[in-house]
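Please have the sequence and the model open while reading.

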Amino acid sequence: MTAVEHDADVIVVGAGPGGSATAYHLARHGVRVLLLEKTEFPREKVCGDGLTPRAVRQLVRMGVDTSPEAGWLHNRGLRVIGGGVRLELDWPELASFPNYGLVRTRLDFDDLLAQRAVAAGAKLRTNVNVLGPVLDGDGRVAGVEAEVGPGKEPATFHAPLVVAADGVSGRFPLALGLAKREDRPIGVAVRRYYRSPVKHDDNYLESWLELRSKDSGDNLLPGYGWIFGLGDGRVNVGLGVLNSSSAFGKTNYRRLLTDWLANTPEDWGMTDETNADGPILGAALPMGFNRVPHYTRGVMLVGDSGGMVNPFNGEGIAYAMESGELAAEAALQALARPAGPERERALMAYPNELKARLGGYYRLGGIFVKLIGRPEIMRIATKHGMPHPTLMRFVLKLLANLTDPRGGDAMDRVINAMTKVAPAV
């Protein structure tokens with residue numbers, strides 16, 4: 001059999017936050033990385049654009065300048081609105097995470113991370129649409145088939161390892177027969193930009209636990225909402241609905257968004273269509289490891305491709321970047337070993353570490369999703385929980401997954417114990 005010349009040590013499919021983080025952490029250790037992106041930068045992406053301290057930590061680990069001077073809007077915490085209460089909760093003071101969050105549009109956020117990977121030594125190729133895997137005689141992935149450029153010229157790239165970071169569509173893992181698990185939570189989110197002189201420079205991320213339209217009376221609209229200031233005169237406004245809700249898949253989500261916004265104060269600028277900056281766009285939120293295994297036959301799944309959105313709060317960027325770093329660590333160890341059982345043993349450390357870190361937490365998140373999908377439970381929770389700031393600080397730590405793993409306060413110890421006791425998904 002003729003030996004195939006490798007185009008890289010690792011091919012990363014998709015230059016979103018997960019793919020770029022993977023490429024960065026590999027390249028900075030001298031690994032030859034080929035980062036393939038189907039679009040051109042800058043490019044739009046449906047997202048809330050808000051980053052919790054968990055995501056900020058990953059940016060710092062990539063050497064990103066997160067100062068306001070570098071174009072980031074800082075926030076102090078989360079403002080929660082529900083049950084007739086408006087509560088501002090600062091991000092916790094922890095050794096493991098910074099005490100601030102950030103907001104930045106995905107239009108240049110993804111480009112910025114991809115350039116960090118390039119600066120570390122990764123080779124970025126855009127306008128490369130990866131179609132599926134190249135398999136060797138043992139059924140192991142040895143590269144990718146792709147279409148390159150506007151002419152869609154066929155191309156083949158070879159590498160001993162491939163990282164699928166191709167987002168919620170997960171076309172690459174699907175080509176390997178890795179379908180989504182129907183027993184895991186999933187959400188749908190829609191968002192729109194509005195010009196809002198009142199809300200654009202808010203120093204809190206704002207979360208609405210109860211949504212009402214002008215004519216809904218005491219009846220709640222399904223889902224939860226957010227308003228995140230971008231600091232440039234605009235806000236990112238959106239809502240999400242989980243598949244535990246009876247409204248999931250049966251609702252016009254765009255209409256739902258405008259119905260809710262019609263009930264907001266007029267001076268916020270979201271009741272007037274002329275203040276809208278672009279269309280309403282939607283995307284799915286794959287949660288709780290809804291595609292597994294995260295490593296098989298030479299392929300590692302990172303971020304949304306592996307269903308890593310947090311079921312508690314819909315956050316995906318932090319976990320995409322975190323899983324990218326973990327995948328890079330496992331790949332580094334694997335590539336230092338000869339192909340065969342030794343290398344496979346190193347690669348299996350990746351799904352095992354993901355399960356150890358997040359499996360129990362995501363199991364709890366699945367239970368949480370089922371509970372809040374019932375309006376009567378959500379109503380009771382907001383009515384009786386919101387007036388208690390100490391309880392809500394605990395809830396913030398739980399929902400945002402912000403605890404110190406060692407030491408920490410009593411809240412940290414309770415949350416850490418809960419995640420350890422819960423059987424890993």
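The structure is a predicted model, in which local features need pLDDT of at least 70 and side-chain atom pairs count only at pLDDT 80 or more, whereas totals for chains, interfaces and linings use all residues. Residues are numbered from 1 along each chain as its sequence is written, and side-chain values use heavy atoms, with hydrogens and water left out.

Side chains of opposite charge can pair when their charged atoms come close. With a salt bridge taken as a side-chain nitrogen of Lys or Arg within 4 Å of a carboxyl oxygen of Asp or Glu, a search of the whole structure finds 33 salt bridges.

| Pair | N to O distance |
|---|---|
| Arg57 and Glu322 | 3.9 Å |
| Glu273 and Arg192 | 3.1 Å |
| Asp232 and Arg234 | 2.9 Å |

Arg57 in helix α2 (residues 53-61) and Glu322 in helix α6 (residues 317-335) lie 265 residues apart, so that the pair links distant parts of the chain; helices (H or I, at least four residues) and strands (E, at least two) are DSSP runs numbered from the N terminus. Arg57 is partly exposed at 21% relative accessibility, while Glu322 is buried at 3%, where buried means under 20% relative accessible area, exposed over 50% and partly exposed in between (1.4 Å probe, protein chains only).

Glu273 is partly exposed at 48% and Arg192 buried at 10%. In the remaining tabulated pair, Asp232 is partly exposed at 44%, whereas Arg234 is buried at 18%.
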